[in-house]
Amino acid sequence: MKRFIATLLLFTFTPSLFAADVITVKGSDTMVILAQRWAELYMKKNPNVTIQVTGGGSGTGISALINGTTDICNASRPMKPGEKQKLKHRFSSLGVEIKTAKDGIALYVHEKNPVKELTVQQIKDIYTGKITNWKQVGGSDARIILYSRENNSGTYVYFKENVLDDEDYAPSCQNMPGTAALVNAVSKDPNGIGYGGAAYAKGIRDVAVKADEGAPAMMPTAENVKSGQYPITRFLYMYVKSKPTGAMKEYIDWILSEEGQSIVTKVGYFPLR
Amino acid sequence: MRVQFRILTCAIFFALPLFSQEETADTAAVSIEEQLEQQRLHNESVNEILLDMKSYIDLARKLKFSGYMQTQYQSSNGLGNTAFPIGNFAGGAFPTSNVGSRFQVRRGRFKVQYENDLTFSQYVMQFDITQNGLGIKDAYINIKDPWVKSWNMRMGVFDRPFGFEVAYSSNFRETPERSRMSQTLFPGERELGAMIEFAPEVGDWTNYNLKLGVFNGVLPTANENDNSKDIIGRAGFIVPFEETNAAFDAGVSVYRGSVRNTSKFIHTFNADQKQFIVDSAVTNVGLTYDRNYFGIDAQIIFDVPHLGGASVRGEYNFGSQPGAAGTNTFYNPSAANTPLYQREFYGFYVSLLQNIGTKHQLVLRYDVLDPNTEIEGSEIGAAGKSTTIGDIAFSTIGAGYIYHLDDNVKFVFYYEMVKNETVAQSVASTSTLAPYKSDVKDDVFTFRIQYRFPF
């Protein structure tokens, strides 16, 4: 029995003694550019720390956190109760949520699209298939081509729950693997509409969004998102299994510092303060 | 004339390439248009192929395959024999031919799941393939309400909604087997029936859950043999403490059911006389007897700095159990002429789990089952009292280490020390109770490898 316990202790603690400061980060595609910038700058300042950043979507990142293949999960939506339950089963933890930045979900259309603004209700009706022609929202007589994200995307889930009120996307909606692919598709499609992080809006045009018919139309600018006046605003999160310690704590503290938050602005998102 | 001819010749000479260039430009223009048209047609055909492929991808997203296999080596400090079983609650009794070690495919699960997210319906079929053959574990249809998305209705074969451990997947569980209490009360964990579940994903009620079901009450793969159904339910809640990454999770469970007796012999225990009273009226055959359990379960999870998440988990159940002579396990009404023994029981377990980083886990568990609370060990076996092995209480201390090689593979090292109540020393050496005059040698060491896919 003593030998058995000694073997257990040897197996348990030996690998921990030689652990290097390597931090893996996986998850939200919306956050991948931001996470890469954070990692690059931090590694430059702290050469003894290696940070590996990959995307794949919030759902993929959360799965990686649950199965122990990432230290930090980036997510553009909060974890669901079912996901917390799985994390609890595997690691006896509900996960530590860290808000890292704010984001406005921008509605993208082709540069030549005459529609300049939409209400949240109109956006919902477009994406659930109740409005199918641009003429119904003041545009030209053309069928609306819907672009969305895959269902492992946090942006997909957030948009479904908060804009579509948990109704289903129209079956004609084309799911794109990442925000960059979605932006690319809309930029080539005069009748297309898509959504995603404000930081990605290159080669396309943002539509101003009104909370309701009587509300002012707001663009997803820094002031509007930070003040909460832009109607489709969310937090960008990091999740870790346990209260961060050591190198991971230092890295997360730096992200929340003034220096880390300045990167948020440079990438096109909005700092917490 | 000659000059005119020369001029004309020169003009033609210089003009020819011009005509030729114009013709080349026209040809090129036509060629680009053709190429564009060809490209357009090509794109359209690619689109058609992609649309066709999309239907398969959509299907692949809805159809999910998963599974896990647990292979193990076990060794006991005793030898399997007919006098007492070794390993009954550690993966099945060791062979009785003086065998003290064995290899096993303990579980070989393969799960097929199809989810239609438009109608919120789910098909689930799970098989168990081991050296003993093929068995069905889960076979049910689940339908989620499409309005508030908080209610589920399930029908088929699935886990009984009682306590925590019964429904806690062997895939995740840190100990090789469930506690003796759970295995005794809920063999196979599953049952045929229907259930509603309240488990909201959003809103103010996300920290509450309720499961309530109606079941045959005849074991998972047996046919119903009476009209009385068993009602099983659990109501639970979780209180998260986000600041400290801790949570308190608890629930209460109820089992209200009955069993159809297959023999005329009904044994009820008289606590004053410390013996079973036998009723052998012929009319007893076919009568139903109560199976009532009550339980509470609780779990605290918390962070241990620099180590990782930890949990303390416990469950306490008590009630009335119709069993057989030699065992207080779930009475099997599909077996003919089995005398029924009605006993009051209690049981509990407490386990402590500590994660160390992402790859290591240490686990400690203490569990107790007293199948007959109305008699002490030293009173069991007294002459003329009809007490049996099925009245002996057991306690088990288990300790283990789990190493997660990657997200597919884990190694489990687990040692459990089983202690039984010692029976009356007056028991004859020929009695089946004789080995229990002292603690029998039935400790078991398990080395298990588990492979699961996907996670």
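**Figure 1. Surroundings of A:Met248 in the predicted model.** Leaving aside neighbours within four places in sequence, A:Met248 is in contact with A:Ile23, A:Asp71 and A:Val240. A:Met248 itself sits in helix α9 of chain A. A:Thr24 is 224 residues away from A:Met248 along the chain, yet the C-alpha atoms of the two are separated by 9.7 Å.

**Figure 2. Helix α2 of chain A and what covers its buried residues.** Helix α2 of chain A runs over residues 32-45, 14 residues in total. From its first C-alpha to its last, the helix reaches 20 Å, close to the 20 Å expected at 1.5 Å a residue. Its buried residues are A:Val32, A:Leu34, A:Ala35 and A:Trp38. Seen down the axis of α2(A), these residues fall within an arc of 155 degrees, so they line one face of the helix. An α-helix has 3.6 residues a turn, so residues three or four places apart point the same way. The cover over the buried residues of α2(A) includes the strands β1 (22-27), β2 (50-56), β3 (72-75) and β4 (96-109) of chain A. It also includes the helices α9 (246-256) and α10 (258-267) of chain A.

**Figure 3. The two sides of helix α10 of chain A.** Buried in α10(A) are A:Gly260, A:Ile263 and A:Val264. Viewed down the helix axis, the buried residues of α10(A) fall within an arc of 105 degrees, so they line one face. They pack against α2, β4 and α9 of chain A. On the other side of α10(A), the residues A:Glu258, A:Ser262, A:Thr265 and A:Lys266 are exposed. Just after this helix, A:Gly268 takes a positive phi of about 115 degrees.

**Figure 4. Contact between the two domains of chain A.** The domain assignment of chain A gives domain 1 as 22-102 + 235-267 and domain 2 as 104-233. The centres of domain 1 and domain 2 of chain A, taken over C-alpha atoms, are separated by 27 Å. In chain A, 13 residues of domain 1 are in contact with 15 residues of domain 2. Helix α3 (residues 58-66) of chain A gives three residues to the side of domain 1 that touches domain 2, the largest share. By class, that side of domain 1 of chain A has three nonpolar, seven polar and three charged residues.

**Figure 5. Contact between chain B and chain A.** This contact takes 30 residues from chain B and 27 residues from chain A. On the side of chain B that touches chain A, two or more residues come from each of β12 (288-304), β13 (308-323), β14 (340-356), β16 (394-404) and β17 (409-420) of chain B. The largest share, four residues, comes from β13(B). By class, the chain B side of the contact has 15 nonpolar, eleven polar and four charged residues. Chain B has a mean pLDDT of 89, and 93% of its residues reach 70 or more. The scores of the model are ipTM 0.77 and pTM 0.81.

Technical notes
Residues numbered from 1 in each chain as written. Chains lettered and ligands numbered in written order. Predicted model: local features only at pLDDT ≥ 70, side-chain atom pairs only at ≥ 80, totals over all residues. Domains from an automatic or database assignment. Contact = placed C-beta atoms within 7 Å. Nonpolar A, V, L, I, M, F, W, Y, C, P; charged D, E, K, R; others polar. Expected span 1.5 Å × (residues − 1). Buried ≥ 20, exposed ≤ 12 C-beta atoms within 10 Å, placed from the backbone. Arc of directions from axis to C-beta. pLDDT = per-residue confidence, 0-100.
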